[in-house]
Amino acid sequence: HGVKAVFFDLDNTLIDTAAAGRRAIEEVLPFALTRAPRPLQVISALQSKHRYGEGEARAVCDKVQAKLLKECHDPAKMCITDLRISHWEEAIQETIGGEANRDLAAECYYLWKTTRLQHLTLAEDTRAMLTELRKGLRLLLLTNGDRQTQREKIEACACQPYFDAIVVGGEQKEEKPAPSIFRYCCDLLGVQPAECVMVGDSLDTDIQGGLNAGLKATVWLNKSMTAPVDTSPVPHYIISSVLDLPAILQKMEHSMNAKLETDHMASSNE
């Protein structure tokens, strides 16, 4: 089978969600710290108020980031908005002390969310690559995550025109790496798993999922190009930039053509 379709992950593959989140937190924290109640005790005569504020800001930033990384969201129990307001509420209280301040946490969350969405962009060279690829292939966006959150990101980076279909894990019965969501994607595009390539930054969801579903190939985006501690699962290809994908697809096509030629010669000789 030749390649007929490419499935792309969204977060930290096509858009740099992690960087946008960090930038948003940095922009929100001065607001959080000027509005938050200060602890009454004197921290240290050696620390100026500005330096103290910076230390607090870093602590809140680290705590919110850690909570986001460890986040386990069950939409049946709590909406994503309430969960993320709680992250801010806890981080501010753990750092600054005093009573919980839900209103301040909500203000911080909405400011962070709006700022992050503003920083989510589909780079011009990525747009050009997708436009070029779509001339000969069907393209599908396959992202895990909460329905509302992911749809807002998709809207913010305006990537809809570049894809034949968009599938959000939070809207399906199962998310990546379950084979069912990949089969659903194949059915949407009218292709077979052996005609599809999965591109993503997560070994656990994108690569494992592509392997589980029996796709033709998996392409792991490893921006740092550092070897993972765990060598499982093993992707078919590794790239350091999503812009390297066309070269990989070309390589696959050449390999397939060479194999067809060899098979043809072998059958001719018989």
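User: How do the residues of the lining of the second largest pocket divide into nonpolar, polar and charged?

Analyst: They divide into 4 nonpolar, 4 polar and 5 charged, where Ala, Val, Leu, Ile, Met, Phe, Trp, Tyr, Cys and Pro count as nonpolar, Asp, Glu, Lys and Arg as charged, and the others, Gly among them, as polar. Please keep in mind that this is a predicted model, in which local features need pLDDT of at least 70 and side-chain atom pairs count only at pLDDT 80 or more, while totals for chains, interfaces and linings use all residues. Residues are numbered from 1 along each chain as its sequence is written, and side-chain values use heavy atoms, with hydrogens and water left out.

User: Which residues are closest to the centre of that second largest pocket?

Analyst: Of the 13 residues lining the second largest pocket, Asp 201, Ser 202, Leu 203, Trp 220 and Leu 221 are the closest to its centre. A pocket, on a 1 Å grid over the protein atoms alone, is an open set of points with protein on both sides within 12 Å along at least five of seven lines, a cavity is a set of points where a 1.4 Å probe fits but cannot get out, and lining residues have an atom within 4 Å of a point. Helix 1, helix 8 and strand 5 each supply at least two residues of this lining, helices (H or I, at least four residues) and strands (E, at least two) being DSSP runs numbered from the N terminus.

User: And the largest pocket, what volume does that have?

Analyst: The largest pocket has a volume of about 1,200 Å³, a volume being the space filled by probe spheres set on grid points that are joined across faces, edges and corners. Its lining has 34 residues, with Asp 11, Leu 68, Glu 71, Arg 84 and Lys 153 nearest the centre, and by class there are 7 nonpolar, 13 polar and 14 charged residues.

User: Where does the largest pocket lie relative to the domains?

Analyst: Domain 1 (5-15 + 121-268) and domain 2 (17-119) both give residues to the lining of the largest pocket, so it lies between them; the domain bounds come from an automatic or database domain assignment.

User: Changing topic, which members of the largest nonpolar core touch the most other members?

Analyst: Of its 31 residues, Val 6, Phe 8, Phe 163 and Leu 245 touch the most other members, a nonpolar core being a set of buried Ala, Val, Leu, Ile, Met, Phe, Trp, Tyr and Cys residues joined through side-chain atoms within 4.5 Å. Helix 9 gives the most to this core, with 4 residues.

User: Last one: is Tyr 110 buried, partly exposed or exposed?

Analyst: Tyr 110, which is found in helix 4, counts as partly exposed because its relative accessibility is 42%; buried means under 20% relative accessible area, exposed over 50%, and partly exposed in between (1.4 Å probe, protein chains only). Not counting residues up to four places away in sequence, Tyr 110 touches Thr 81 and Ile 85, contact meaning heavy atoms within 4.5 Å.
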